[in-house]
Amino acid sequence: MPPVINEDKCIKCGLCAKYCAEDVFFGTRVKEYPTVAYPEECTHCNSCVEECPEGAVSLRIPFPMMLLYRPEWPKSGQ
Amino acid sequence: MGTRLEDLGMVHETDVLILGSGAAGCGAALAASEAGVRAMLVDKGKLESSGCLGGGNDHFMAVLNTGPENDSTQAAVDFFSGPVSGFSPAMIRQWVEVMPRMIRSLEDIGVEFIRNPDGTYLRTEGFGQPGNWWINIENGHRIKRRLGRRIRALGVDVVDNVMVTRLLTAGGRAAGALGYDIRDGTFHIFRAKAVVMALGNSANRATTNSTGNPFNTWHSPFNTGSQYVLAFDAGARLINLDVRQQATLIPKGFGCAGMNGINSSGAHELNALGERFMGRYHPGMENGPRREQIQATCQEQVIGNGPPFHMDMRHIDPDTLNHLQYVLMPGDKATFLDYCGQRGIDFAKYKMEVELSEIEFSGMIDCDDSFETSLPGLFNGCVFSTFSGSSCSGYIAARSASASFVAHPGLAEVDSQLAASERERVLRPLAVEGGLSSGRFETAIRQVMNYYMGYVRNAAGMETALDRLALIDSRKDTLSAATYHELMRANEARHLLAICRLVTLATLERKESGRSIYRRSDYPEKEKAFARVLCVENDNGSPRLQWL
């Protein structure tokens, strides 16, 4: 679930990059929009979402989980 | 003229050096702070989000001696000790003794241990244990942030974003460590009077779950076995690499488990035929030892009774399910509710599909009752597992470490040539052009481990694995990194390879099944003769195995 930055809300404080345990924002600089340099290494710990003071970070559902998505669910799960 | 240490990088001096700032490192920092010694906490992540606890936790194991026999220190000793546990009764007693103290420390910073209306803790059973030892936690995803901020406020020196790559020894005693900043390559030299190893028990990137993503794991994928590799290289004895291998069931495709809460709530695991099959394998059904559920699920899969596998919770009362889905599970990992939204999961209405997780490789640095390892001055902060076991182990290890250096008050000299050589080694991938990327290197390791060291193994397969891992090892000098981030992955991959070789070698020696999550097809029975601990020691660079 790699992070997605809403640039309309982001204030470029860099906290998301600072708190990421997996360093997926490698190369991000303060006063610039965060760079999600290694999205496939996100372990969806939610730190960036938690730390963002503006609610500008959300986590994207990764492709392997999208493969499992079934619009007719929950019917098929019964 | 020799190289000066200061010219190689930043030099730090402290009393107790704590390596790893996860739950164990935090427990160690609390103990060192209480003991009034200088402590330094080092991790390649950031204190507020590092380690398995970074994503959250929903249960804290606590034996509280409230009266009933099954809530007593003796019950814990009886449950956890055994011929292959690696734990002495004295170690377990210390864990139980520290539990209430750790709970108080956590409550002081706002960790929300849930209480019943009468003021007692809301506790549930799990893992086949005799008592309801697991205190439920609300808002578990905030624990690490709170703990991190408390530790900084206590004045513990915190060094974030530094990966430790080598322990220092002097006169047969641990004397510090070497590492480098994962974001800018700055080299760090740590001189200390005692060292606590709190780098984590679980190496999860050696195999994958069905998503194939090695970072979508049950425990933190940041951990690639440094706890064992650093200790082994420094000469400390390792044990239980052959049995302390673990796995769980995970919601299909979601790399976080929560099975403790699900199983203990009374969920039924169903195979593809809709059968609740656990009764064929263990009388404890879903609440027997976790390895039994893993082996049973694996066996059902092998014979074609699955996938899919489901956890059926629809018969459980709605309040319990609501608590489980919306309080406990997101506390373990906040993104669980995003996953539920995606998959339309509702415990009260539908079965939830689950799958076997990746296999995590673990073990233990052998230690005495004060948690000191066979290398004097080096303490094991990761004796026990889980949030409770890790934080309390770290606490006990640092308490002993803080008391230990009275007899060794000075800081040992650091060999600057050795430091210079280590600096060159860890930074080398930056200078290699056109070599193997860390990603490809790691994928090769996983191909071997997934194929030959899976849930069912045999001697020929493991010997082949060792041969292939040796081939990968022969290429490690061609590891190439384009950025400091890739350099970190390259150094993690070196550790991953080293732990995989040790684990495979140790597993080959255990010619039986039934004491871990894997089964040996060539030795399918549990054997009394193997009710022993296997240790691995560094004999001039080569592993030497010995039964204790």
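This is a predicted model: local features need pLDDT of at least 70, side-chain atom pairs count only at pLDDT 80 or more; totals for chains, interfaces and linings use all residues.

Me: Where is A:K18 found, and what does it touch?
Reply: A:K18 lies in helix α1 (residues 15-19) of chain A; helices (H or I, at least four residues) and strands (E, at least two) are DSSP runs numbered from the N terminus. Leaving aside residues up to four places away in sequence, A:K18 touches B:K46 and B:R183, contact being heavy atoms within 4.5 Å. From A:K18 to A:R29 there are 11 residues in sequence and 9.8 Å in space, C-alpha to C-alpha.

Me: In what order do the elements of chain A run?
Reply: Chain A has three helices and two strands, in the order β-α-α-β-α from the N terminus. Of its 78 residues, 47% count as buried. Contacts in chain A between residues at least 6 apart in sequence include 50% that join residues at least 24 apart.

Me: Which non-glycine residue of chain A has a positive phi near 60°?
Reply: That is A:D23, found in the loop between α1 and α2 (47-51) of chain A. A:D23 counts as buried because its relative accessibility is 2%. In chain B, M285 also has a positive phi, near 50°. B:M285 sits in the loop between β14 (268-270) and α8 of chain B and is partly exposed at 22% relative accessibility.

Me: Turning to chain B, at what angle do α14(B) and α15(B) pack?
Reply: Helix α14 (residues 459-474) and helix α15 (residues 484-509) of chain B pack at about 155°, with axes 10 Å apart. That makes α14(B) roughly antiparallel to α15(B); under 35 degrees counts as roughly parallel, over 145 as roughly antiparallel, 65 to 115 as roughly perpendicular and the rest as oblique. Axes are lines fitted to C-alpha atoms, for helices over the stretch in contact, and angles run from 0 to 180 degrees between N-to-C directions.

Me: Which residues meet there?
Reply: In α14(B) they include B:M462, B:L466 and B:L469, and in α15(B) they include B:L497, B:R501 and B:L505. By class, the contact of α14(B) with α15(B) has 11 nonpolar, two polar and three charged residues (Ala, Val, Leu, Ile, Met, Phe, Trp, Tyr, Cys and Pro are nonpolar, Asp, Glu, Lys and Arg charged, the others, Gly among them, polar).

Me: And how do α6(B) and α15(B) pack?
Reply: Helix α6 (residues 226-234) of chain B packs with α15(B) at about 80°, with axes 9 Å apart, and the two are therefore roughly perpendicular to each other. B:S226, B:Y228, B:V229, B:L230 and B:F232 of α6(B) meet B:H495, B:A498, B:I499 and B:L502 of α15(B). These divide into seven nonpolar, two polar and no charged residues.

Me: Which peptide bond is cis with omega about 0°?
Reply: The bond joining B:G306 and B:P307 is. The bond from B:P307 to B:P308 is also cis, with omega near 5°. B:P307 lies in the loop between α8 (290-302) and β15 (309-312) of chain B, and B:P308 lies in the loop between α8 and β15 as well.

Key: Residues are numbered from 1 along each chain as its sequence is written. Chains are lettered from A and ligands numbered from 1 in the order in which they are written. Side-chain values use heavy atoms; hydrogens and water are left out. Buried means under 20% relative accessible area, exposed over 50%, partly exposed in between (1.4 Å probe, protein chains only).
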